[in-house]
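Visitor: I have a structure to look at and some questions about it. Can you take me through them?

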Amino acid sequence: MAKKRKTIEELRAYDKAYGRQLTKSRQFKLSVEPAIILAIISTMMWMRPALSIVFFVIGLMYGYFRIMPRQVKVQYEADALYQRHRAIGILTSAMAGNSSAPAYKVLSAVASASEGELKDDFIKLTAAVVRIESARSVHKAFLEIIDKYKSDSYFVQFMEQVESYTLDSNLDVETLEMLNDMHNKVYEDSIAFGRVREQALTETRTMLGVVIGLGVGMEVVGVKMATYKYFMQYFWHGLT
């Protein structure tokens, strides 16, 4: 089944979740690169401005509907992972350092230190723990945040440990530290992958730039050579 394309409002929500704004200029910036590449290549191949404009529009549409949504989602996921990484670190330090610390204070510390969407999530969770109307209501609050970030298995397991500590005062420091280490590894791997991805994109852009530059250079030289030959033939016929 084909994936449903994200609407512009959904993409704006992704960007807004961690303090960005998907303005018209940002949309254009994320979409324009394939348009420029296609326009230059078509100009080199056919030297027809109208055709180059058509290819520019095709590239811009591809960038808008395919590349821009992917870039926004990747940035959102990177921001969200970083915030969860920080939250786990703060929770581990607070709970391992003081096993008798009230759960609401520990969660409040995370809410204060976090940013964006995760900050809002922990503010709601802290409020539910402070109210502590019933064990069921607290479990429901934890379940909301667990379900929201279910793709991050180590974060989910960590929050289950925090829930156990909140409701039953059960604290397994060794498990917390193990999950913290595992999540750190996931975060470090994502950073390393991001660097490799950026390097590959940079190298691809450089290679395309070289190819396009060579093509333009050859076109310029070709035009100059044709002009030179025409001039020499005209000059020679004039002499004869």
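Visitor: Which helices do the buried residues of helix 6 pack against?
Guide: Keep in mind that this model is predicted. The buried residues of helix 6 are Val138, Ala141, Phe142, Ile145 and Ile146. Their packing partners are helix 4 (103-113), helix 5 (116-131) and helix 7 (153-168).

Visitor: Within what arc do the buried residues of helix 6 fall, seen down its axis?
Guide: An α-helix has 3.6 residues a turn, so residues three or four places apart point the same way. In helix 6 the buried residues are Val138, Ala141, Phe142, Ile145 and Ile146. They line one face of the helix, because seen down the axis they fall within an arc of 135°.

Visitor: Which residues are exposed on the other side of helix 6?
Guide: Exposed means over 50% relative accessible area. On that other side, the exposed residues are Arg136 and Lys140.

Visitor: How many aromatic pairs are there, and what kind is Tyr64 with Phe65?
Guide: The count comes to six aromatic pairs. The ring centres of Tyr64 and Phe65 are 5.1 Å apart, with the planes at 90°. Planes over 60 degrees apart count as edge-to-face, so this pair is edge-to-face.

Visitor: How many residues apart in sequence are the parts that Tyr82 and Tyr187 tie together?
Guide: Tyr82 and Tyr187 form a tilted aromatic pair, 6.0 Å centre to centre with 40° between the planes. Tyr82 lies in helix 3 (residues 49-97) and Tyr187 in helix 8 (residues 173-239). So the pair ties together parts whose separation in sequence is 105 residues.

Visitor: Is Tyr187 buried or exposed?
Guide: Buried means under 20% relative accessible area. Tyr187 has 16% relative accessibility, so Tyr187 counts as buried.

How values were computed
Residues are numbered from 1 along each chain as its sequence is written. This is a predicted model: local features need pLDDT of at least 70, side-chain atom pairs count only at pLDDT 80 or more; totals for chains, interfaces and linings use all residues. Side-chain values use heavy atoms; hydrogens and water are left out. Buried means under 20% relative accessible area, exposed over 50%, partly exposed in between (1.4 Å probe, protein chains only). Helices (H or I, at least four residues) and strands (E, at least two) are DSSP runs, numbered from the N terminus. The arc is that of the directions from the helix axis to the C-beta atoms. Contact means heavy atoms within 4.5 Å. Rings of Phe, Tyr and Trp (its six-membered ring) pair if their centres lie within 6.5 Å; planes under 30 degrees apart count as stacked, over 60 as edge-to-face and the rest as tilted.
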